[in-house]
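Student: I have the sequence and the model open. Can we go through the folds together?

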Amino acid sequence: MLKKRFWIGWLVFVFLMAGLGNSAFAQDKVYINGIDANYPPFSFIDKNGNPDGLDVKAVDWIAEEMGFKVKHQPTEWDAIIPSLKNKKIDMIASGMTVTEERKKEVNFSIPYNETIMVLVTKKDAALTVEKAKTKDVKWGVQRGTTEAKWIEENMLQKGFQFKLQHYDSAPLAVEDVINGRVDCAAVSTTTANEIIDKGIPIKIIGKYGQPDDVVAYAVRKEDTQLLNILDEGLKRLMATPLWKELNEKYGVKK
Amino acid sequence: MIPQGLTAIKEGLPYLLEGALVNIAVVLGAMALGFALGLPLAVGHVYGNRKTRGLIGIYILFFRGIPLLVLLFLFYFGLFSLSGINASAFTVAIVVLGLISAAYQSQILRGAILSLPEGQMKAALSIGMSKKKAIFFVILPQALRLSIPGWSNEYSILLKDSAVAYALGVAELMARAHHVASRTYQHLYLYLTAGFIFLLLTYLGTKGLNVLYKKVGIPGYLR
């Protein structure tokens, strides 16, 4: 008798434990914006531990203007599209480049920025873009990005002999340039300028050939309503003087 | 470099410590879930019939044989999504670590039960206790105490494993160190700080369990 009661109590305890986690997501409908928290100046975590960046501030403004609630959720970049499709997040406003490949998976808003991809090296390095494409030079790149894919498909598979190393974030790839473990890193000009502004001794040596692309917000294919709201919000935001101020504040060049 | 590094640590510390609380919550949740499931698994593994033992064996093989990272992705993007439960990354981390820990904790407890002299069970039966009563009132009270050193090992493993929840985007200590490093470019200093906080938590936890062991230990069994 005692034993039976004990095991029933035990089961209740196990279910309570499981329920504890469930209570966390039984709230009002709030759109969740998945961000790469390691992608300044588009999205990062500020000194006080709050999400910050051009995209975070822009989406906050749009949410206020269009009348919805938004929460910014740091998400690992190489799992960010699966997270969107699995409804872990509702949108991605985090400096995402529009590509044909991604268009098959998600819908994009109107573009609000450009990605120009360049190579960076240590400030005192003698490496040029031409030399960087030769045998045994080591490149660093962020995993799961358009640049990683482009370099793989259009350079390595086309016979270039340099080595490509993948990192969790663009800052980590640049950190390893400083450490000397890779000779150069492929990053966007926005990222490169942000890092140079922080006084880190790197320099841009030039474009390596990847075509320029546009940057936009991503939502699930079926979420046309949210897409319309974001498009309208972006249009209104870009018509205000605040848009220019935000771009200047975060050092994002148009 | 050093002054900027120290400034980054100072600025980032409250944010990092909040992350350490996330790790602690994950570890406590996983240990509790692991204990809740591990106890019946251990008893079943020692005293169950062949079928029970076989099933428990499969459970243990599964959760001890697959890497944590694989299980995390499997549960987060696979099982939970398919079943329509949109569990948060935090919940998934606790559930997965708890299920894995149940497999390990059952073995800790099983070892403790088997280490007890056979005479304990025989004596209990000879004074007329049923087998179930003997397990509850004679075997488990001793075995649980003997398991504490094994648990302190399990605690330190879980604590370090909780950092892997980073891959799901849980804002725990390691993820937060990366966040601050991305903003300040002081990678070395921030990962050093994260490492130190983990070390401190491991030390405090194992020390605490050691004190508990001495307090509730069976006189004569203590080393």
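Tutor: Start with terms. Helices (H or I, at least four residues) and strands (E, at least two) are DSSP runs, numbered from the N terminus. Axes are lines fitted to C-alpha atoms, for helices over the stretch in contact, and angles run from 0 to 180 degrees between N-to-C directions. This is a predicted model: local features need pLDDT of at least 70, side-chain atom pairs 80 or more, while totals for chains, interfaces and linings use all residues. Residues count from 1 along each chain as written, with chains lettered from A and ligands numbered from 1 in written order.

Student: At what angle does helix α2 of chain A run to β5(A)?

Tutor: Helix α2 covers residues 54–66 of chain A. It lies across β1 (31–35) and β5 of chain A. Its angle to β5(A) is about 160°.

Student: Which strands of chain A stand at the edges of the sheet?

Tutor: Strands pair if DSSP finds at least two bridges between them. The open sheet of chain A has the order β5-β1-β6-β15-β7. Two strands have a single partner each, so one side of each is left without a neighbour in the sheet: β5 (70–74) and β7 (106–108) of chain A.

Student: In which sense do β6 and β15 of chain A pair?

Tutor: Take β6 (residues 91–92) and β15 (residues 218–220) of chain A. A:Ile92 stands opposite A:Ala218. Over two bridges, the pairing is antiparallel.

Student: How are α1(B) and α2(B) set to each other?

Tutor: Their axes come within 8 Å and cross at roughly 135°. Under 35 degrees is roughly parallel, over 145 roughly antiparallel, 65 to 115 roughly perpendicular, and the rest oblique. Therefore α1(B) and α2(B) are oblique.

Notes. Two residues are in contact if their C-beta atoms, placed from the backbone, lie within 7 Å.
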